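Subject: Structure for your study

Dear colleague,

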Amino acid sequence: MSVMSVPLQASARALRLEFKRNAVPYLLPLLAAVFYFDALRTADGFPPVWTLRASVIGNHMLYAYSAFAGGLAAWAGSREGRRKTVDLVAAAPRAAWARLSVALAGTLCWLLLAFVAGVAVLYIHTALQATWGGPPLWPAFVGAVGVIVVTVIGFTAGVFFPGRFTAPLVAIGVLVLSDIGFREALSVTASSGTYALLSPATSLPVIDAGVYYHVAPDLSITQVMFMGGIAVALYGVLGLAPRLRELAWAGGRPSLRAALARGTDRLPNAVAVLLVACGVAASWTAFALAGTAKPDAVGGWQIPALHSAATDRPVPVTMHCRSGSGFQVCVHPAFSFYLHDVAAALDPLAAEIAGLPGAPRRAEEVASVSGGNEVQSGISGNPPVFEFSADYVGPMFGAFFGIPNAAAWRAGFREGLLNAFIEGPSQHPGPVPLDPAQQAVEDVLLTAVGSQPLGASSGQTAVNGKLTAATLANINAAARRFAALPASARHAWLAAHLAALRAGTVTLAQIP
Amino acid sequence: MNVALTEIHRSFGKNKAVDDVSLELGTGVFGLLGPNGAGKTSLLRMLATVLPPTSGKIRLLDRDPRRPAARREIRQRLGYLPQNLGYYPSFTVVEFVEYFALLKQMPSSAVPKAVAQAVERLDLGAKAKARLRTLSGGMLRRVGIAQAIVNDPDLLLLDEPTAGLDPEQRVQLRALMRSLGESATVIVSTHLVEDVGAACSEVALMSAGKIVFRGTSADLTARGEGHGVGDAPLERGYSAVLAEARS
């Protein structure tokens, strides 16, 4: 009876034993703690956007799971050597490959269960908060294949190098390799080598990845192919393990001849060699494909041979809008959790500048990356619309990360709108420094709607950069004068001088 | 013949562990005696098909173990207790025996009954659900024997089976070996000559890789007459043969 014809029922019974007496459950509490303190808490710090939250799988979960999976699999793989049952099991008719496969499967079942449970917790947690979309499957699939390949690597290492130190060494080795892969993946650019993209760990995606446009699965397919190929090849090596070990132990020529003369099953050996060849071919193909990767228009990567044009089309969606006091604010439904806050921030300011030339009638969130470039906030169109992205609003970058409080967040949004309103059309992407007169006017308008100015008056001149202490004093003096005017007078002056103010021809002394 | 060895040699580097051994055995209990390093364990490992001979011919259960298919068939009908029994501490007694029953490719439906019988025959019923890590050395030895006999083997190889057993257990084990020897070939490698005297129908004595004596325990006893070394008659025979071989 060959390995191929081992009765399934017996395999199932053996698998039950391996599953029941596996070492993985002993470390599950520790794994759960690492998952909670690293992956889940990191995800909790992200806005509830599916793609963003799912990035935690590759960037955090897989780190911890890989180290555990590698170490525990090595422990399981080295069992026969460590426990000195090599002769005992070798005297049994069941093929070594079949026996090792069951032991590997027992470990893999536990690790995959733990991984799936982690992903389930992450996704359920996200589902309770997310306002649009559904769980992305590719990151979970890539993560699962990552766990599988690390498990097979660890198990194979344990089989070939059985010893009590194999498991910790494999765990440490996997951590180091993951870290190198992560750092390489972060530094990958279109001009540098793109092979690091094969690492399932990646840089943090843009905040609205998978919201306005689909996330192309090209990279995920390549990663699965690469890691799956390694796993299949190593599984084939496991099938050749007894033969390889026999030859390695054979030593001198007479014993080598004896070892060769023993003869082994040809079919399992052929299958094992075929698996090694297929695995290497798959990994090599993935490696070659990764070399052709190039950045796509929406902040991801595409691989021409795998790319589907369908993923480049925008995701059809109906924006969520709110018109509190006549000023309409629209955001993507994925970000509807902050619609109220954005409207609350912009409504008073919109009322303050309503009727002035170029004043926006509405505000609309747009994709943060378009045509491969970051989209900055600004006012465009007729009637004018203030466009902002979830990632960039005026001077704020990464609006959901690192903003200490709600007031600062509101002030940032307001400053973004005012910058766009006062600066006028810009020739440069990104925030443009205001001139002193523009800054003084902006400060007054911000103060009028109850926000602490983030610019010159508050001393935060880093954005402007070029202002001196004397200029700051002059800006503050002009702002105080302008603020002392009645609102109607300010409005009238702005209506008359806004064009000149935008053109940069108004001086501080000319501000009433 | 269940075992037929013809001019078997096995070397480890320059060390000849087994040197020109020829042997034919049918059913019965066969004792393998000899000092440390005599080659008993190497010979048993070759009979267990886990160690190939450097040269010579082995036929087990009328099959050539060099052929993969034949080797599998031999292993299905083989029971083996190594000298150093490895075990998995987290397994219970029943699980360990069941695991090896499955490795021996017993029909899945027959496994539970066979496991229960093997456990009972070794008087391990009270400890059936105990983890192996909690058992004493003697208990573990009995678990090892239980896994060896779980498939009701036609060829049973026991390397130091009575090591660590108390006198009562040794008596029980000898009885078991005699019972098994009625229908199978049982080869027992041991240092304890009283085991041979009580359980074995035939005995061989190895020294420096060679078989220097083969006969019944009575024959071995006879060789010791007039020889002063040893407390028991069989021990005197053992010493006399060894002294003769070394001279």
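**Contact between the two domains of chain B**

In this predicted model, 12 residues of domain 1 of chain B are in contact with 10 residues of domain 2 of chain B. On the side of domain 1 of chain B that touches domain 2 of chain B, two elements give two or more residues: strand E6 (155-159) and helix H6 (167-181) of chain B. The largest share of that side comes from H6(B), with 4 residues. Sorted by class, the side of domain 1 of chain B that touches domain 2 of chain B holds 7 nonpolar, 4 polar and 1 charged residues.

**Helix H1 of chain B**

Please look next at helix H1 (residues 40-47) of chain B. Of its 8 residues, 8 are buried, so this helix is largely enclosed by the rest of the structure. The buried residues of H1(B) include Lys40(B) and Arg45(B), as well as Leu43(B), Leu44(B) and Leu47(B). Just after H1(B), Thr49(B) has a positive phi of about 65 degrees.

**Contact between chains A and B**

Chain B gives 31 residues to the contact and chain A gives 30 residues. On the side of chain B that touches chain A, at least two residues each are supplied by helix H2 (68-76), strand E5 (78-81) and helix H3 (93-103) of chain B. H3(B) gives the most to this side, with 6 residues. By class, the side of chain B that touches chain A has 15 nonpolar, 8 polar and 8 charged residues.

**A pair of helices in chain A**

Two packed helices are described by the angle between their axes and the distance between the axes. In chain A, the axes of helix H2 (residues 24-44) and helix H3 (residues 50-77) come within 10 Å and cross at roughly 160 degrees. Angles over 145 degrees count as roughly antiparallel, and H2(A) is therefore roughly antiparallel to H3(A). The crossing of H2(A) and H3(A) is right-handed. Among the residues that make the contact are Leu27(A), Leu31(A) and Phe35(A) of H2(A), and Val56(A), Met61(A) and Phe68(A) of H3(A). The residues of this contact of H2(A) with H3(A) comprise 12 nonpolar, 2 polar and 2 charged.

Yours sincerely,
A colleague

How values were computed. Residues numbered from 1 in each chain as written. Chains lettered and ligands numbered in written order. Predicted model: local features only at pLDDT ≥ 70, side-chain atom pairs only at ≥ 80, totals over all residues. Buried ≥ 20, exposed ≤ 12 C-beta atoms within 10 Å, placed from the backbone. Contact = placed C-beta atoms within 7 Å. Nonpolar A, V, L, I, M, F, W, Y, C, P; charged D, E, K, R; others polar. Axes fitted to C-alpha atoms, helices over the stretch in contact; angles between N-to-C directions. Parallel < 35°, antiparallel > 145°, perpendicular 65-115°, else oblique. Left-handed = near helix turned anticlockwise from the far one by under 90°.
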